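Opening my notebook for this one. I'll jot down what I look up as I go.

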Amino acid sequence: MTTTALKTSTFYPFEREPIPDSCWSLTAGPDGRIYAASCCERIPGGGVYVLRYDDETDSLETVIDVAEAAGEPLDSGRATQCKIHYSFAASEGDGILYAATHLSAPGLGQSRYSPWADWKDERRAFPHSTLVAYDTRRDEVLWGGPFIPREGCRCLALDERRGRLYAVSYPRDHFWVYDLQTRAIRDLGRLGSVNSQAIFTDRRGRVFTSNCSGQIVRYDPDADRLEELPVRVPHEPRKSGWHDVLYDVVASPEGDCVYGVPWNSDPHLLRYWPEDGPHGRMENLGAVHQRRDPTAAVCFYLDHCGGLVFGADGALYFVITRWPEGMESSSPLRHDMTSESLLVRMDVRTLEKTDFARIEKPGAMGHYVSRAGRDRWGNLFFGHVTRPLPTGISRLEMDAEGDNLHLPLRTWG
Amino acid sequence: MAQKPIWTSLGEFVTEGTMLAVELCFPGQSIPPPAGETAVACLQLDPAGTVYCGTAGRKAHVLAALLRGDTGMVFDLGTAPGAERIDALAVVGEHVCALASGPEGAAVWRWPRMARSFLIQEWTLPRHPAEKVCDVPGDGRTAAAVVSADAAAVYALTEPAGELLRIDTASWDVEALCTVDDEGRFGRALALDGLGMIWGTRGSGVIWQCGPGTGDLADVAEVPAAAGRAQHTQVSAWARDEGTGLLYGGTAPDGFLFRLDPDTGDVTGLGKPTRLEQVNCLAVGNDGRLFGAAGLEEDIGHVFCHNPAAGSLRDLGTPVSTLAARQYGYHFRCMLTGPNGEIYLGQHERVSHLWIYFPPVPRRVRRIQE
């Protein structure tokens with residue numbers, strides 16, 4: 001690890017009422033602009049809005065009111081369309097940004113919501129995940145409608161050539177295939193118990209995700225079959241691999257491999273070559289965080305890695321946490337600056353890592369970055385989840401040269 | 001709109017007793033059959049304590065679960081060639097026999113029984129090929145099947161014809177006893193009472209019984225149903241209390257529970273144990289408590305308990321296992337009471353486990369000396 005003078009990011013709060021509590025998704029749109037999900041996951045009757053960073057005015061603008069697009073008022077009393085959770089998928093060919101919603105906020109007037117307890121309650125339950133197609137060329141919602149019945153969409157991927165979307169649902173952890181032409185969805189069955197937080201495709205249109213044991217699961221669209229592969233998400237030797245579900249996965253610029261991290265404490269960086277051999281080839285690129293007390297079950301909100309994105313310079317960037325030794329077993333959710341949120345730059349040829357920037361929120365740590373994106377000017381953006389409010393996104397000026405630097409486009413959430 | 005913390009459970013998961021999800025393999029030594037082939041469709045108990053599981057999916061496996069004492073593993077005996085579902089399992093002599101069905105028809109296959117001890121280290125576990133015992137006439141689909149207490153016969157109900165077959169496990173002759181409903185409206189569940197009479201439902205919620213040797217079918221009673229819903233109602237799960245001889249039934253599509261006295265034909269409605277549509281399976285525990293699982297394949301299912309001594313009916317919640325495998329359990333199709341009163345549940349999903357429920361043992365009430 002080498003260190004240079006750290007750059008600093010600029011924070012853009014979500015300024016709505018009620019105050020959004022999380023940004024679970026952020027992506028570059030087909031137009032090269034940054035879209036972010038302003039989510040209200042804990043707010044009864046709260047809704048999700050899609051915001052866009054306006055690089056001319058240096059501000060955020062609201063482009064989709066999802067409740068309106070879905071035709072589902074936020075005061076219905078049912079669990080609301082409250083967030084978009086790793087479920088943006090951008091289509092370069094037609095300029096459409098797809099977004100699928102997720103659940104967790106109670107209906108207006110309700111104090112609690114459980115997708116298990118309220119299952120099929122026609123007055124309280126989440127009716128369905130909603131899919132919205134937003135035309136970034138005309139700046140309008142083309143259509144919106146039901147997506148996954150009764151469940152939220154944890155993550156979403158697009159196969160533009162086949163005209164399909166793929167999704168993993170919550171809480172039942174099923175794998176779904178959606179045909180964009182017929183707008184019909186199919187359930188291919190259960191994956192496990194803890195959701196994978198990422199789903200991605202290879203150049204052949206095969207689809208990959210993971211089960212709760214960290215095993216890679218592949219869908220072959222030609223065979224129309226899901227298959228658990230003898231490939232595992234790398235993890236610490238002292239751990240079992242349970243809960244090493246994929247968290248964030250980004251494709252290399254060449255598209256021949258992906259880099260990723262699991263949603264677990266002690267995350268390791270992985271590189272996976274899906275087209276290498278019958279099951280692909282997994283590489284363990286090592287732990288992203290410092291050593292810590294292995295007897296402590298560390299809070300994911302501290303020991304978290306996310307926001308993987310390639311820069312226009314061909315380097316991989318990702319956000320990690322660095323905390324004072326021992327803090328992980330004392331007070332991991334302190335909302336102060338005793339832990340650092342760092343953007344690491346990695347040269348993918350040499351695997352050399354450099355501390356590159358500090359990703360901060362005013363007065364709070366900002367290390368739980370959900371997703372990152374690169375805009376048309378090559379600048380990097382990061383979605384924040386951690387409290388206290390307000391949440392929002394961070395922007396990092398990268399001094400890249402040229403335009404359309406958002407390409408190649410990320411087609412999964 | 002005030003923010004409130006919501007990341008706590010609300011009592012929606014099993015609230016009493018302990019649930020364990022057991023992987024369908026020898027942990028650390030083998031892997032389960034592929035996902036999509038592990039939906040447990042039926043269970044059977046070997047006198048030696050082995051629990052056999054028959055699966056459904058692209059292939060139909062027969063698994064032997066040895067979970068007691070110094071064993072602790074599930075062994076894949078093999079698949080029934082060409083089959084997509086094991087409809088029933090019977091322990092006959094030294095074999096476990098499986099009625100299996102698929103596009104190529106139905107047949108009975110068998111394997112040597114699996115009884116082992118001392119599997120904590122240094123094991124020898126040979127796998128034997130499946131041996132075909134007999135073909136079963138019909139179009140290859142079995143709606144329901146039940147095995148007589150002495151394993152002398154397997155009774156199977158064909159689909160869609162609704163023909164009740166008797167498969168003699170000594171001669172392996174297959175005899176058609178009767179057709180339970182000419183219009184194909186019948187329940188996908190069968191029961192046997194203490195006299196060996198076969199019970200099922202047909203038409204508009206009519207309970208029938210059939211003599212095991214005669215094939216004479218008689219309508220006995222009506223299934224309890226919501227008002228005006230009898231025409232849609234069938235029994236989807238049965239269980240027999242060996243202590244009292246009573247039968248319990250659970251219904252589809254509305255998910256009611258009832259008790260049937262096979263001697264008198266008296267039916268007593270016990271209510272609706274969960275808010276879900278369908279009762280999938282039932283088992284009577286050693287102490288007389290009745291356990292069941294409800295919910296469609298699309299659902300987040302619940303398990304429930306009826307205690308006849310207390311007259312109580314209780315939704316126990318959604319199965320979850322945090323010991324052994326950490327899993328949610330959403331859909332179950334079969335249930336069995338083990339020798340020690342533990343309840344085995346066959347999970348019926350793309351990725352499935354064999355679940356064990358240990359019901360709570362009630363605390364004795366201290367008598368206060370007057």
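**Where the chains meet**

I began with the contact between the chains, keeping in mind that this is a predicted model. I found 25 residues of chain A in contact with 19 residues of chain B. Next I looked up which elements of chain A give two or more residues to that side, and they are strand E14 (184-190) and strand E18 (225-232). I also sorted the residues on chain A's side by type: eleven are nonpolar, eight polar and six charged.

**Chain B on its own**

What is chain B built from, helices or strands? I got zero helices and 31 strands. Then I checked its overall dimensions, and the C-alpha trace spans about 65 × 60 × 55 Å along its principal axes. I wanted to see how that chain compares with a compact globule. For 370 residues such a globule would have a radius of gyration near 21 Å, and chain B has 20 Å, so the two agree. Of its 370 residues, 51% count as buried. I looked at contacts too: taking those in chain B with a separation of 6 or more, 50% are between residues 24 or more positions apart.

**Nonpolar cores**

Which residues touch the most other members of the largest nonpolar core? That core has 122 residues, and the answer is A:Tyr98, A:Leu156, A:Ala157, A:Ala167 and A:Ile199. I picked A:Tyr98 and listed its partners, leaving out residues up to four places away in sequence: A:Ala89, A:Ser91, A:Leu131, A:Ala133, A:Leu156, A:Leu158 and A:Leu165. Last entry: there is a second, separate core of 108 residues, with B:Ala239, B:Leu247, B:Phe258 and B:Cys281 among them.

Note on methods. Residues numbered from 1 in each chain as written. Chains lettered and ligands numbered in written order. Predicted model: local features only at pLDDT ≥ 70, side-chain atom pairs only at ≥ 80, totals over all residues. Contact = placed C-beta atoms within 7 Å. Helix = DSSP H or I, 4+ residues; strand = E, 2+ residues; numbered from the N terminus. Nonpolar A, V, L, I, M, F, W, Y, C, P; charged D, E, K, R; others polar. Rg over C-alpha atoms; globule rule 2.2 N^0.38 Å. Buried ≥ 20, exposed ≤ 12 C-beta atoms within 10 Å, placed from the backbone. Core = buried A, V, L, I, M, F, W, Y, C linked by C-beta atoms within 7 Å.
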